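Colleague: I would like a close look at one part of this model, please, with the cut-offs spelled out as you go.

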Amino acid sequence: MSNPRVGFISLGCPKALVDSEQILTRLRMEGYRVSPNYQESDLVIVNTCGFIDAAVEESLDSIGEALAENGKVIVTGCLGARQDEILERHPQVLKITGAHATDEVVEAVHEYLPPAHHPFTSLIPPQGVKLTPKHYAYLKISEGCNHRCTFCIIPSMRGDLVSRPVADVLSEAERLAAAGVKELLVVSQDTSAYGLDLKYQSRDWKGHSVKTQFYDLAEALGELGIWVRMHYVYPYPHVDRVIPLMADGKILPYLDIPFQHANSRILKLMKRPAAAENNLDRIRAWRQICPDITIRSTFIVGFPGETEQEFEELLQFLSEAQMDRVGCFAYSPVKGAAANQLPDALPEQVKEERLARFMAHQAEISAARLQRRLGKTETVLVDEVVEEGSVARSKADAPEIDGQVFIDGATQLKVGDFVDVELVEADEYDLWGKLV
Ligand code: SF4
């Protein structure tokens, strides 16, 4: 009997991507094959996203497409927490699970598509099945979140914080590095809360004790000799402790830290910490310790009741903070979010207008910050080699969300190479460099 084939659609954020990788790794270990199209698959798994309404629609559409093209569909992921909504539109799905449910998904696959007789005939690479290119990988350190930001429904879908023990995370990181991964992207819903649920328990790691905690994890990952990038760092005060590790080159001088707003009344309504003055002081202090730090943040404009003056306070914060990379969403009322009950929802037109003003304001800041790097030599990691040259990323750029560094004519390089370039040109987001 030939090995059964599973099709897979992975939607949503990097955390969902890691779930997909874990499911695929398990299935491959059991002898299932992964098929690139619906027609050649015996069954399709759709890993959904439910973060904003557009993502919900995309997930429902993908389920519909998989049903039409294949017929046998298992649904997993964040949207799985809203079973009724899925079943209302697609009553034919075989099984629905929530996020982070590898065991349940694999069990459902067994039920509807039993494995072939020789489960260990297919060999798995040591790093497992990766959906990212070979030279970088996402490292998921925890699941869920203890916060209750009023605009977010992730905790209701993924539950409270559950951290992976530090020795497990470090073993995985070491395996990935040994398999040739050059950059680890540390992800979770709340990276800086890592270990809180495990009371920061210590584990023995290569002869010394390492705590299940943000700082210790960062320090130990820094010993691997590859790039380590921290994502989704909630702005707790203890985040300040990792900045010296960045200054010492142990982990990348890059902090993805969502501030969401600058006005203290709006932050309070969002149930987010700290007011703008504290955050500005902290950003200044970080830059003093680590002048090369890249700060990426995300914001929400048009939150219920946001006044023009409060919005302008946010623009003022951007001017003073001079952050490198900034993402912004116009507030959208996600079904089930507490913020939907707040009074004074803003008209769409006002939200869109504020979003446009925000983006234009920050675009100038980001562009000016790129200009400051021209003439400098930086190490970049090659992501892609094309006919015209190489496409790389600097320490300041995370894959998919930040900019790129183009090296015209450098077709002799290989994906995963680290090379030094002199930065010679920039636009609003990307840079151009010459090999040195
Ligand atoms: S920190 Fe807030 S926005 Fe982030 S996952 Fe937790 S509740 Fe959602």
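Is Cys49 buried or exposed, and what is its relative accessibility?

Modeller: This is a predicted model, in which local features need pLDDT of at least 70 and side-chain atom pairs count only at pLDDT 80 or more, while totals for chains, interfaces and linings use all residues. Residues are numbered from 1 along each chain as its sequence is written, and side-chain values use heavy atoms, with hydrogens and water left out. Cys49 counts as buried, at 14% relative accessibility, where buried means under 20% relative accessible area, exposed over 50% and partly exposed in between, with a 1.4 Å probe and protein chains only. Cys49 sits in the loop between strand S3 (43-48) and helix H2 (53-69); helices (H or I, at least four residues) and strands (E, at least two) are DSSP runs, numbered from the N terminus. In an unreviewed entry, UniProt lists Cys13, Cys49 and Cys78 for "binding site". These residues span 66 residues in sequence, yet no two of their C-alpha atoms are more than 10.2 Å apart, so they gather at one spot. UniProt positions are given in the numbering used here, feature names are shortened, and annotations may be inferred rather than shown by experiment. Not counting residues up to four places away in sequence, Cys49 touches Leu11, Gly12, Ala55, Val56, Ser59, Cys78 and Leu79, contact meaning heavy atoms within 4.5 Å. Cys78 belongs to the loop between strand S4 (73-77) and helix H3 (83-89), and Cys78 is buried, with a relative accessible area of 10%. With neighbours within four places in sequence left aside, the contacts of Cys78 are Thr48, Cys49, Gly50, Ala99, Met157 and Arg158.
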